[in-house]
Amino acid sequence: MGRQDDRKSVTRREVLKLAGTAAAFCTSFGFLHGSQTGGVVQDKHFGEYKHLQARWQQAEIKWYKGSELLHSSPFPATVMKQLQSDETAVVELKLFRAGQLFKNLGTLEAKH
Amino acid sequence: MAGPHEILGMSRVLGISTADFLARYTDNSGTTLRSEGDGRCAFLATSGCQVHPRRPLVCRLYPLGRTTNERGEERFAVFPAQPDCEAEAGRDGTVEIFLESQGIAPYLVWSRSYGELYRRMIGLLDRLDIQGQINAPGADAPAETARAGSESPGLEQEPGRVPLSSWQDIDTSLAEYCAAKGLAVPAEIDEAIALHLRAIKEWLDDLAARLGSVWDDPEGVQGE
């Protein structure tokens, strides 16, 4: 009795559904093991990524005062040349205060 | 990010089924809302948000973000102002007042409830010791998930638009659950979400009971 019947009681499809549902909820809600994040992914500050890989064709750095654009600067030609040769370039964003590293906002590994 | 309860709410505002919503307005297997090519939200029109009455938690929270740690302790933080955002945000008042003004309470309750179910799923998977060993159904496949999107001919096979799980499609999963239980499908969104949570809990209860015989016998998991 029992044992053979028990073995038939769970199918791989059910286990796949369990895994698929867990994966879907993990992403949909930002759940990690035991922790939860809401409202972060879309608006996440770049610094929280620490290392972000991305592919883009144009890049610029903008400085704002509130919502007022103070200055906009494209990436230097040497960097863009590197990217256009289908190589990657890593951008580091670091803040300094009194000559000392104050905060490392992370890196962006980019490809054209 | 978009939970199944949020997809249900937005689909009701738009007057379409959750299956249609998943097929038309989500990416990453029904887990994130689709953006336009320039990154703009697909629901942002010149007149404003097209799903505002049922906008998801992430939108209600902004400019706040919420995290909970493994002990369930909740924290809120303020994001840096987005230069393109026309919303006015000040620092007067409290987080509590802001959350109340945005109608967030039920969304937090639902999020916590789905979180409890998620932790149960992880617990089951942990005991099965299969995490990372099963290729969960993805964009290209699954019989189990292929139903979602079936109301949108031509969209259902596009990569990333087939949900990972049929539970993401509340309309379809509740219709099946209610038919099996002899219940009327709830018309109200809040009632539908409550029943959706109950249906998943019962599914996990049943699965846990049947998996009980497998814990000490991994071979007990059988293919169909």
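## A charge over a ring

The charged end of Lys17(A) lies 5.3 Å from the centre of the Trp203(B) ring and sits over that ring. A charge sits over a ring if NZ of Lys or CZ of Arg is within 6 Å of the ring centre and within 35 degrees of the ring normal.

## Basis of the model

This is a predicted model, where local features need pLDDT of at least 70, side-chain atom pairs count only at pLDDT 80 or more, and totals for chains, interfaces and linings use all residues. Residues are numbered from 1 along each chain as its sequence is written, chains are lettered from A and ligands numbered from 1 in the order in which they are written, and side-chain values use heavy atoms, leaving out hydrogens and water.

## Aromatic pairs

Over all chains, the structure holds eight aromatic pairs. Rings of Phe, Tyr and Trp (its six-membered ring) pair if their centres lie within 6.5 Å; planes under 30 degrees apart count as stacked, over 60 as edge-to-face and the rest as tilted.

Phe25(A) and Phe29(A) form an edge-to-face pair, with 5.6 Å centre to centre and 70° between the planes. Both lie in helix α2 (residues 12–29) of chain A, four residues apart, about one turn of the helix. Helices (H or I, at least four residues) and strands (E, at least two) are DSSP runs, numbered from the N terminus. Phe25(A) and Phe29(A) are both buried. Buried means under 20% relative accessible area, exposed over 50%, partly exposed in between (1.4 Å probe, protein chains only). Together with Tyr114(B), Phe25(A) and Phe29(A) form one aromatic cluster.
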